[in-house]
Amino acid sequence: MSELDGFSSIPNSPNSREMKTLFGPCSAESEVQLLTTAREIAQKFPNNIFRAGVWKPRSRPGAFEGAGDIALSWMQQVREETGMDIITEVATPKHVEAILKAGFKHVWIGARTTVNPFSVQDLADAFKGEDIHIYVKNPINPDVGLWVGACERFQRAGISKVFAIHRGFQSFESSPYRNAPRWELMIDFKTQLPNVPVICDASHISGTPELISSVAQKALDLDCDGLMIETHINPQVALTDARQQITPDELGKIIGQLVQRNSDSSSEGFHRKLLELRSRVDSIDDAIIQSLIARKRLVEEIGVYKKANHVTILQIRRWEEILMRQLQNANKSQLNTEFIKRLYELIHEESIRIQTNQFAENLDVNNIN
Ligand code: PEP
Ligand code: MN
């Protein structure tokens, strides 16, 4: 495997750097579907790693579950004919055995597997010491610990290279996305495992072709290391995820319009300016903490006073007043009101926690309500 496997550069990008691409259909349906899709993708992105689900996890039995073992030989054919490397999903040690026999050098772990540490450990044991690149999708639920933990299980099994795939999180709130991106959770993951590259699966986040380009651009702006995008020669007749797949031509257009920014710049002027701006941000952060300390002291003083006068901790009118006042401030100064609301809810929650502790001192807990 060459160092450049799976890396494609984005055309039209002044600061172009290589990024990993995993393009290909949702599932392996037939030999013709795989080969015709692969040929078109390879023409545009010869270093792409060609994806296709050989075994598909479906909610209900009876739905198309990928062509299964026979598709392994179609995938091998794609590799031989186009020169692209190939990747599929594995969910059981039996899948692992089959893909190792077929010579796969890349696999992904699906979101429905990452949720289960028993399954992940079984896979890590099956892969122990193998020369393989494993891409770990985030779990369906917004639990970064499970995602980090799954990567660690593979790292501990001595896997040559572990990557992460951000595919969004199931949410019950209404949203234009199939799976809410929750970018802050992707950033949390990167903070915990800075050496694990993160690929953005723009298709499963979007759920529809129209959103793919903005999701992919956002991922690049947040310094993601690559993209997974489901691409099908004829999405309309796709047997799985028909609504979100795009044609190789559409893929070419979307990728051609992305702007790639470098995670750093070598210009000295850039560094000097950035340093100056960052030191000003640091001073403001220090001032925020000083203000929170001063606020906490006053909250404690009020707590003593409430307790002495047998008054409840929660004063709902006062809370409404605080919130309203700061939302008006935010509005005037064009701060995002949703952000200020969440911030003040946190601050208020902390004040209640502080006063609850004060009320509980000397086991005098009867006054809390
Ligand atoms: C897929 O990549 O086709 C897939 C099933 O993804 P996920 O596990 O993210 O749902
Ligand atoms: Mn899919």
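At 62% relative accessibility, His 310 counts as exposed, because the cut-off for that class is over 50%. In this predicted model, His 310 is found in the loop that links helix 11 (268-308) with helix 12 (316-332). The phi angle of His 310 is near 55 degrees, a positive value in a residue other than glycine. A positive phi also occurs at Asp 223, where the angle is near 70 degrees and the residue is again not glycine. Asp 223 belongs to the loop between helix 9 (209-221) and strand 9 (226-230). With a relative accessible area of 29%, Asp 223 is partly exposed, since that class lies between the limits of 20% and 50%.

Arg 317 is placed in helix 12. Its relative accessibility is 67%, so Arg 317 counts as exposed. Arg 317 and Gly 269 are separated by 48 residues in sequence, and their C-alpha atoms are 52 Å apart in space.

The overall layout of the chain can be described next. The protein chain contains 13 helices and 9 strands. Along the principal axes, its C-alpha atoms fill a box of roughly 80 × 50 × 40 Å. Of the 369 residues in the protein chain, 44% are buried. The domain assignment divides the protein chain into domain 1 (7-257) and domain 2 (268-367). The C-alpha centres of domain 1 and domain 2 are 42 Å apart.

Strand 4 (residues 85-89) is described together with its neighbours. Strand 3 (residues 49-51) runs parallel to strand 4 and is joined to it by 3 bridges. Within this pairing, Arg 51 has Ile 87 of strand 4 as its bridge partner. A right-handed β-α-β unit is made by strand 3, helix 2 (residues 70-82) and strand 4.

Strand 4 also pairs with strand 5 (residues 106-109); these strands run parallel and are joined by 3 bridges. Here the bridge partner of Thr 88 is Val 107 in strand 5. From strand 4 the chain crosses through helix 3 (residues 93-101) to strand 5, and this β-α-β crossover is right-handed.

Strand 9 gives a further case of a buried strand. Its residues are buried in 5 of 5 cases, so strand 9 is largely enclosed by the rest of the structure. Both faces of strand 9 are covered, with Gly 226, Met 228 and Glu 230 buried on one side and Leu 227 and Ile 229 buried on the other. Strand 2 (residues 19-24) pairs with strand 9 in the parallel sense over 5 bridges. Phe 23 stands opposite Ile 229 of strand 9. Strand 8 (residues 198-201) and strand 9 also run parallel, and 3 bridges join them. In strand 9, Gly 226 stands opposite Ile 199.

The axes of helix 1 (residues 31-44) and helix 2 come within 10 Å and cross at roughly 30 degrees. Helix 1 is therefore roughly parallel to helix 2, because angles under 35 degrees fall in that class. The crossing of helix 1 and helix 2 is right-handed. Helix 2 is also the helix of the β-α-β unit that includes strand 3 and strand 4.

In the other pair, the axes of helix 6 (residues 144-156) and helix 7 (residues 183-192) come within 10 Å and cross at roughly 40 degrees. Helix 6 is therefore oblique to helix 7. Helix 6 passes helix 7 in a right-handed crossing.

Definitions and conventions
Residues numbered from 1 in each chain as written. Chains lettered and ligands numbered in written order. Predicted model: local features only at pLDDT ≥ 70, side-chain atom pairs only at ≥ 80, totals over all residues. Heavy atoms only, no water. Pairing = 2+ DSSP bridges. Helix = DSSP H or I, 4+ residues; strand = E, 2+ residues; numbered from the N terminus. Right-handed = clockwise from strand over helix to strand, strands pointing away. Domains from an automatic or database assignment. Axes fitted to C-alpha atoms, helices over the stretch in contact; angles between N-to-C directions. Parallel < 35°, antiparallel > 145°, perpendicular 65-115°, else oblique. Left-handed = near helix turned anticlockwise from the far one by under 90°. Buried < 20%, exposed > 50% of the residue type's maximum accessible area, 1.4 Å probe, protein only.
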